[in-house]
Amino acid sequence: MITCSLTYQIDPYKVAEFEIYARAWIHIITRMGGTHHGYWFPHEGANDTAYCHFSFPSLADYEDYRNRMAVDEECNAAYAYAERTRCIIRYDRSFTRPVLDGQPLGDHA
């Protein structure tokens, strides 16, 4: 599994617009075969930072999604909405792999 993690700098006066954008992408990622883990909006602390995480089974699946999204009408409409509303100032994207099972330290202690 590969997880894409995004850190957004958003316009704190356009949180409502960013939420519309976020909800659209949750729908899009799910429709295109990924698992969306949600968006996290500012609550306490910095009022201009939001986070998002979504996964695909493999890097190849993510790359396939990227190719399909480039020509997908709904994806392009979401990008156009963000540009039109200027709710996103910038974003950083990184890729991680999860460790989801716990185990005792055992012989590694």
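**Figure 1. Three helices and four strands make up the protein chain in this predicted model.** Going along the sequence, the elements come in the order β-α-β-β-α-α-β.

Figure 2. As for handedness, α1 passes α3 in a left-handed crossing.

**Figure 3. A closer look at the residues where α1 touches α3.** From α1, the contact takes in Glu17, Ile20, Tyr21, Trp25, His27, Ile28 and Arg31. Facing them from α3 are Glu74, Cys75, Ala78, Tyr79, Tyr81, Ala82 and Thr85. Sort this contact by class and you get nine nonpolar, two polar and three charged residues.

**Figure 4. The largest pocket has a volume of about 310 Å³.** Its lining counts 19 residues. Nearest the pocket's centre sit Tyr8, Tyr21, Trp25, Tyr79 and Tyr91. Tyr21 and Trp25 of α1 and Tyr79 of α3 turn up in the helix contact too.

**Figure 5. Who lines the largest pocket, element by element?** At least two lining residues come from each of β1 (2-10), α1 (15-31), β2 (35-40), β3 (49-56), α2 (59-69), α3 (73-85) and β4 (88-96). By class, the lining splits into 15 nonpolar residues, three charged ones and one polar.

Key. Residues numbered from 1 in each chain as written. Predicted model: local features only at pLDDT ≥ 70, side-chain atom pairs only at ≥ 80, totals over all residues. Heavy atoms only, no water. 1 Å grid on protein atoms, 1.4 Å probe; cavity = no way out; pocket = protein on both sides within 12 Å on 5 of 7 lines; lining within 4 Å. Points joined across faces, edges and corners; volume = space filled by probe spheres on them. Nonpolar A, V, L, I, M, F, W, Y, C, P; charged D, E, K, R; others polar. Left-handed = near helix turned anticlockwise from the far one by under 90°. Contact = heavy atoms within 4.5 Å.
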